Amino acid sequence: VQLQASGGGLVQPGGSLRLSCAASGSIFSINFMGWYRQAPGNQREVVAGIISGGSPNYADSVKGRFTISRDNAKNMVYLQMNSLKPEDTAVYYCNAVIDPYRGSPSYNFWGQGTQVTVSS
């Protein structure tokens, strides 16, 4: 299983970006998909996540500005980021909890990270 993230870049404060993440490989079911971020000198923190059949959850710092969504048919997750602030600058990582085969345990997978820089 691989997770491929894309969509990062440089944006001015108040701007928007949309991150995408595609899961590929042997996938029976995806139980969770989400986004984490890590700024220099900081620990990786959860940004948003969505459990299959559940409602999205967000970190308090991004509520009302970020929206997570999934396309189950394409095994993809998106993060629409609006009203970006300099403190949103970080490497953003896609995360998924996947059952590769019917009856298999669930495994935690990470994408390669995509840089988001918010600066004027």
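1. Two rings of Phe, Tyr or Trp (for Trp, the six-membered ring) form an aromatic pair if their centres lie within 6.5 Å. In this predicted model, a search of the whole structure returns one such pair. Its members are Tyr 36 and Trp 110, with ring centres 4.9 Å apart and planes at 70°. Planes over 60 degrees apart count as edge-to-face, so the pair falls in that class.

2. The pair joins distant parts of the chain.

3. Asn 95 deserves a separate entry. The residue is part of strand 9 and counts as buried because its relative accessibility is 2%, the cut-off being under 20%. A polar atom of the Asn 95 side chain lies 3.1 Å from the backbone oxygen of Phe 109. Beyond four places in sequence, Asn 95 is in contact with Leu 3, Phe 32, Met 33, Gly 34, Tyr 36, Asn 108, Phe 109 and Trp 110. Both members of the aromatic pair, Tyr 36 and Trp 110, are thus on the contact list of Asn 95.

4. The largest nonpolar core holds 30 residues. Trp 35, Val 47, Phe 66, Leu 79, Met 81 and Tyr 92 have the most contacts inside this core. Two or more residues each come from strand 1, strand 3 (17-24), strand 4 (29-38), strand 5 (45-51), strand 7 (66-71), strand 8, strand 9 (90-99) and strand 11 (114-118). Strand 9 gives the largest share, five residues.

5. Which residues does Met 81 touch, not counting those up to four places away in sequence? They are Gly 15, Ser 16, Leu 17, Leu 19, Arg 65, Phe 66, Tyr 92 and Val 116. Of these, Phe 66 and Tyr 92 are also among the residues with the most contacts inside the core.

6. Two arginines sit over tyrosine rings. Arg 18 lies over the face of Tyr 78, 4.1 Å from the ring centre. For Arg 44, the charged end is placed over the ring of Tyr 93, at 3.7 Å from the centre.

7. On confidence, the chain has an average pLDDT of 96, and 100% of the residues score at least 70. By element, the lowest mean is that of strand 1 (residues 2-6), at 95, and the highest that of strand 8 (residues 76-81), at 98.

Methods:
Residues are numbered from 1 along each chain as its sequence is written. This is a predicted model: local features need pLDDT of at least 70, side-chain atom pairs count only at pLDDT 80 or more; totals for chains, interfaces and linings use all residues. Side-chain values use heavy atoms; hydrogens and water are left out. pLDDT is the predictor's confidence in each residue, from 0 to 100. Helices (H or I, at least four residues) and strands (E, at least two) are DSSP runs, numbered from the N terminus. A nonpolar core is a set of buried Ala, Val, Leu, Ile, Met, Phe, Trp, Tyr and Cys residues joined through side-chain atoms within 4.5 Å. Buried means under 20% relative accessible area, exposed over 50%, partly exposed in between (1.4 Å probe, protein chains only). Contact means heavy atoms within 4.5 Å. A polar contact is a pair of N or O atoms within 3.5 Å; within protein, one must be able to donate a hydrogen and the other to accept it, and residues adjacent in sequence count only if both atoms are side-chain atoms. Rings of Phe, Tyr and Trp (its six-membered ring) pair if their centres lie within 6.5 Å; planes under 30 degrees apart count as stacked, over 60 as edge-to-face and the rest as tilted. A charge sits over a ring if NZ of Lys or CZ of Arg is within 6 Å of the ring centre and within 35 degrees of the ring normal.
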